[in-house]
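Below is a short briefing on one structure. Look over the sequence and the fold, then read the points by topic.

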Amino acid sequence: MHIPDGYLSPSTCASLYAGAAPFWYVALRRVKRELDSRTIPLLSMFSAFCFVVMLFNLPLPGGTTGHAVGMGVASIVLGPWVSILAISIALLIQALLFGDGGITAFGANCFNMAVVGSLVAFAVYRIGAAGADVTSRRRAAAAGAAGYLGINAAAFCAAIEFGVQPLLFRTASGAPLYAPYPLSVSIPAMMIGHLTFAGVAELILSAGMVAYLQRADPALLRRTAPGAKCTIVPEASSDLPRRGASLRGLWLALGVLAIGSPLGILAVGGGWGEAKRVSLWRAPLADYAPAFIPNPFVGYFVSAMVGAGVVVALAWLVSRAAFGERRRRAGGQSASFMEATVRGLLDIVERSIFAEDMAGSMGFLQRLDPRVKLAGLATLIACAVAIRRVWMLGALFSIATAMAAFSKISLRQMARRVWLPVAGFTGSIALPAVFLVRGQILFRTPLPGMHATVEGATSAVFLILRAATAATAAYELVMTTPWNRLLRALRWFRAPVVLVVVIETAYRYISVLLQAAQNMFESRRARLVGRLEGPEQRRLAAATVGVLLDKSLQFSVEMHTAMQARGFRGEAMVLEETRLRANDWALLSAFLAAAVLVLWAGL
Amino acid sequence: MSNGAGAPPVFEARGVSYRYRGVAALDGLSMRVERGERVALIGANGSGKSTLIRVLAGLAFAESGQVSFLGEAVTQERLRDESFFFPFRRRVGVLFQNPDVQLFNTSVFDEVAFGPLQLGWPRDEIRAVVERTLDRMGIAHLRNRAPHRLSGGEKKRVALASVLVLDPEVLLLDEPTAALDPGTQSEVVRLLASWANGPRTVITATHDLDTLEEIADRCYVLERGRIAGEGSPMTVLHDVGLLTEAGLLRPQHHKHGRDVAQPHPHAHWGEV
């Protein structure tokens, strides 16, 4: 769901930044008005909370695990506006510091997950829980549905953004420049994964956390449901909420949805197909409807499903092959989601420490002022996304690699941390394009309708090179700059002070919450005899998120007190960095001049 | 320790009550601290020490009763007035028990600069003052370090630096030595002792009786939100009945020769 750099064209990225901006503006104004001097501590804490929730490895039925985004949880407890800001800030920290989601695609990711996800989740929750008791089952069910539909709405937006790329952005010979699949493939490919796995993770998290809060701290649920009645809260018999059969119905509904969604797509496809003029849907795959199926809608549907299936299957296979080692579980099933989550939490801490040490060694990039570096490398990424010549992209990739070599970043480490994951993820998405994109045939395969084309191969190379160049530059940025100075550099780009302070404080408290989450899991594991059944695990995960939310709130109150004690009255202030020196300006100009040159030669 | 007849006390609480989540944390408490005094508030967990610190610092407000600072009432309304708020915040420093709560910036330098920045000092002066404070506290080498990469003792020192940078006249300390190893503990006590000479006032909430004589000239013993006793550290430490009542002593479970076999409450202070 986190769209990397290189999948969306610059104009798409710009319009999605523009699409998200008014929501940020309104949200920031509303939040400032509602929270006054508590804005900074609360918003920072909630952003840190969303970030940590995104790291949770949730156990899904069937023994797999998945990550949630947390838009359900956030909008239910905080309301949609705070949720938009908190998730956006969590996404910014992910993109900037952990390379999760692109920098040019940051606006798109915020638009999908923070804005659309929060608004849809909140609307579903409000409608579903209208008139329900604070502690009623219907409220928990509505929360589950909110999370499920929220993330699916976000995924649908992303699918559309992917799907329009090949229609709008192609080379002269017709090779797609960005995400290569039309809507007929991108929608099923995105939705299959989200209707089944990610959606369920979000559902479990939202419903489970609300069920937990209903027992542990119903007052928290009243923030967004002020009129709701609260009947007597039963004494908690254990710290895990018992939900028993109440989820059965949801599972059933889920199954129906998962099976039904391709049918819905068929209906949409048919409708658009009939109009004849709208070629958006049918575009590049139209010719692939196998001749032996006479009904054009059915044939069309089959071809779309085959395309989507190929993409999904290959993505899964390649990521399996590339990361099999890491994903393999120590003791089979019993090495639970807890282990996976704790490992994930530890990995984040390790990376931040490693980065800080790397930033201390003296290399080319380490010597640059953080502001110059941020501007320079962001420009490089933007160039890699914008240009339309393969050789130029290759040159940019080489430049980025050379910079790593001059900055004492070992290429082995770069390969392990950046190139292999890009090859696994983007490679598996790009590979089917070689066969699915129409064009001049490169070689034939025995499968009907599946021939490698020059245009397909070109588009695959574009996608991989763009993603790899952007990821390399982003990795260099975080590995050669102390993270606190990197965040402060945002101020130089005229980001509002209050936002910079919230982002910094959120980053600070991520480490505190990570520690708290890790302690919770480890103390739980120490007391655990035998292994937990699936439903127990899910309840445990959701309850942990609830406890973490309580802790976050408590922390924000205490932090606010500590800030007040040192003269804080609600106004954000930072000590501006010193002015750029002449040679910093010279380097910055050199960077920008090079970018202009690259764009001139590469567009 | 009286400071001439007319001088108002630094802090005075009269009949202060405060409720936290429905439970009375302070219950009609009265106390008084003169300028230059070093006062300890001792009591078990939940006796109201931390709450009293917060109420004195103007971070929580009494439901009934009155708190005054140098003769002037400390109320929510008064603190909205900048001409009272800024001098009050500069002159009264608060060190919180949990340094993770107090360290909310991303680097040690920014942490120490936070207070001066909020009080609107000139930027150049802030840089100089922060550098001086870092040097004096022996943490200049941690300048750019992120708080999550500090040890427990380092965190405490940074938190202390972030308070002392404003050069406060009154220091309110909530468990300054809790959760520190003995070496770091004595170092913090030494830092505080070296700072606290002159006209400065220090009020310390603690349940650590070992350092009591080093940090205080006078103690209040708190029990369930009230003052249960008062006196010099020496008198209080020898009042076994008072300390046991306040939950600050545990019965000693070792033998004294052959004649005393039963565990019995008693203190070991000042025997050496």
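Does Leu70(B) count as buried, partly exposed or exposed? Leu70(B) counts as partly exposed, at 24% relative accessibility. Buried means under 20% relative accessible area, exposed over 50%, and partly exposed in between, with a 1.4 Å probe and protein chains only.

This is a predicted model, in which local features need pLDDT of at least 70, side-chain atom pairs count only at pLDDT 80 or more, and totals for chains, interfaces and linings use all residues. Residues are numbered from 1 along each chain as its sequence is written, chains are lettered from A and ligands numbered from 1 in the order in which they are written, and side-chain values use heavy atoms, with hydrogens and water left out.

**Confidence**

- pLDDT is the predictor's confidence in each residue, from 0 to 100.
- Chain A has a mean pLDDT of 79, with 80% of its residues at 70 or more.
- Over residues 232–247 of chain A the pLDDT is below 50, yet this stretch has 31 contacts beyond near neighbours in sequence. Contact means heavy atoms within 4.5 Å.
- Residues 258–291 of chain A also stay under 50, and the model gives them 46 contacts beyond four places in sequence.
- Helices (H or I, at least four residues) and strands (E, at least two) are DSSP runs, numbered from the N terminus.
- Chain B averages 85, and 88% of its residues score at least 70.
- In chain B, confidence is lowest in helix H8 (residues 182–195), at a mean of 78, and highest in strand S6 (residues 92–95), at 94.

**Chain B overall**

- Chain B holds eleven helices and ten strands.
- Of its 272 residues, 54% count as buried.
- Take the contacts in chain B between residues at least 6 apart in sequence: 64% of them join residues at least 24 apart.

**Helix packing in chain A**

- The axes of H5(A) (residues 106–128) and H6(A) (residues 137–168) come within 7 Å and cross at roughly 150°. Axes are lines fitted to C-alpha atoms, for helices over the stretch in contact, and angles run from 0 to 180 degrees between N-to-C directions.
- H5(A) and H6(A) are therefore roughly antiparallel to each other, a label for angles over 145 degrees.
- The residues of this contact divide into 17 nonpolar, four polar and three charged.
- Helix H3 (residues 71–78) of chain A has eight of eight residues buried, so H3(A) is largely enclosed by the rest of the structure. Among them are Met71(A), Val73(A), Ile76(A) and Leu78(A).
- Gly79(A) follows H3(A), with a positive phi near 85°.

- Most residues other than glycine have a negative phi.
- Arg494(A) has a positive phi of about 65°. Arg494(A) sits in the loop between helix H17 (483–489) and helix H18 (497–527) of chain A. Arg494(A) is exposed, with a relative accessible area of 66%.
- Leu70(B) has a positive phi near 50°. Its place is the loop between strand S4 (64–69) and strand S5 (72–73) of chain B.

**Arg389(A)**

- Arg389(A) lies in the loop between helix H13 (370–386) and helix H14 (390–406) of chain A.
- Arg389(A) is partly exposed, at 37% relative accessible area.
- Beyond neighbours within four places in sequence, Arg389(A) contacts Phe462(A), Ala601(A), Gly602(A) and Leu603(A).
- Arg389(A) and Phe462(A) are 73 residues apart along the chain, with C-alpha atoms separated by 8.5 Å.

Key:
Angles under 35 degrees count as roughly parallel, over 145 as roughly antiparallel, 65 to 115 as roughly perpendicular and the rest as oblique. Ala, Val, Leu, Ile, Met, Phe, Trp, Tyr, Cys and Pro count as nonpolar, Asp, Glu, Lys and Arg as charged, and the others, Gly among them, as polar.
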